[in-house]
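The following account leads the reader through one part of a protein model, from a strand to its neighbours and on to a pair of helices.

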Amino acid sequence: MIIEIADRTVEPLVTRIVESAHDVRTLLFSERIFITVSGDERCIDKDRLKATPGVLRVVDTGRSPYFLASRECKDEDTHIQVGESVFGGNRLVIIAGPCAVENLEDTLETAEALKRVGISLLRAGAYKPRTTPYNFQGLGRAGLEILGEVRRKVGIGIVSEVMSPEDVETTAGYVDVLQVGTFNMTNSALLKRLGRTDRPVLLKRGASSTIAELLKAAEFIVYNGNPSVILCERGIKTHETATRNTLDLSAVPVLKRLSHLPVVVDPSHATGQSALVPVMSKCALVAGADGLLIESHVRPETMIRPGDGDQALLPAQVGSLIKELRALGRVVGRRV
Ligand code: PEP
Ligand code: MN
């Protein structure tokens with residue numbers, strides 16, 4: 001249950017009515033005051049609550065399980081500023097980079113080349129979630145140090161994945177946006193911890209998750225205090241095997257209709273094929289995406305995990321794509 005109140009003077013009374021529930025908190029969100037209640041609601045006198053002066057509305061979170069992330073709560077688009085880029089405004093934000101931080105030289109060279117062609121943020125993982133223990137698992141802390149050096153030398157903001165709650169604080173010290181990968185979308189311990197950081201979170205949709213489940217995962221982060229969540233459609237599992245995943249592009253307008261949060265599309269993990277990335281990037285722009293997340297490396301054929309190389313564009317190809325996106329943006333009324 002969520003109760004919106006007019007001002008803090010009503011807080012003690014409302015808190016007394018709902019205190020028998022397990023967890024009662026006050027949340028300041030979107031310049032409004034909410035009292036969130038989680039746990040056993042059976043003893044709460046809802047009629048008394050609704051009749052209390054200063055109570056603006058009582059939300060049944062059984063019916064609206066992602067209320068804070070939804071347009072029902074906040075109709076205006078959320079804008080999330082990262083350096084000079086704004087997610088959720090009219091301009092498409094382009095994030096690109098290698099899958100993993102493999103070494104300083106490649107990461108630096110790729111970052112410099114991508115910055116020259118006009119990307120906004122670099123994405124590279126120090127912690128890599130993998131489907132087998134035999135794949136390269138990332139450099140961990142050493143990878144973060146490399147990202148810190150790249151950020152300083154190139155002057156570019158960094159997006160990087162965090163996999164466990166214990167790594168959130170350290171990772172936040174090196175990067176500008178914390179990414180939650182597809183495997184961790186339902187890791188509620190991680191989501192709760194990310195609610196207590198001031199870094200924006202890029203939340204990737206679980207490959208087998210519905211749109212509602214993605215929004216409920218976002219709700220965990222907002223509920224725990226961090227309003228800066230960027231949603232990411234990265235392809236879902238279907239019976240199709242011709243592409244790595246199936247890019248659910250209709251998720252973009254659906255998410256934009258249901259939620260005020262910005263939406264980014266990752267055409268690289270969605271298709272697994274570099275040749276498909278430009279066309280699906282253009283489709284994502286037309287579908288209303290606020291940003292793109294594109295795999296790129298200066299020497300894709302040298303990437304440790306061969307599958308990563310198959311879906312990576314060269315920085316020059318990212319540059320050509322940006323030019324095409326700019327031209328298309330003029331047609332559909334978007335800046336790139
Ligand atoms: C990534 O973007 O680095 C990544 C591992 O993607 P996903 O979690 O979507 O597979
Ligand atoms: Mn990858």
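In this predicted model, Ile 95 stands opposite Leu 121 in strand E8. The chain crosses from E7 through helix H3 (residues 104–117) to E8 in a right-handed β-α-β crossover, meaning that, with the strands pointing away from the viewer, the path from the first strand over the helix to the second runs clockwise. Helices (H or I, at least four residues) and strands (E, at least two) are DSSP runs, numbered from the N terminus. E7 and E8 (residues 121–123) run parallel and are joined by 2 bridges; strands pair if DSSP finds at least two bridges between them. E7 also runs parallel to strand E14 (residues 291–295), with 5 bridges, and Val 93 stands opposite Gly 291 there.

In a regular strand the side chains alternate between the two faces of the sheet. From E7, Val 93, Ile 95 and Gly 97 point one way and Ile 94 and Ala 96 the other. Because 5 of the 5 residues of E7 (residues 93–97) are buried, this strand is largely enclosed by the rest of the structure; buried means under 20% relative accessible area (1.4 Å probe, protein chains only).

Ala 113, Leu 114 and Val 117 in H3 meet Pro 315, Val 318, Gly 319 and Ile 322 in helix H12, contact being heavy atoms within 4.5 Å.

Residues are numbered from 1 along each chain as its sequence is written, and chains are lettered from A and ligands numbered from 1 in the order in which they are written. Local features need pLDDT of at least 70, side-chain atom pairs count only at pLDDT 80 or more, and totals for chains, interfaces and linings use all residues, while side-chain values use heavy atoms, leaving out hydrogens and water.

Definitions and conventions. Buried means under 20% relative accessible area, exposed over 50%, partly exposed in between (1.4 Å probe, protein chains only).
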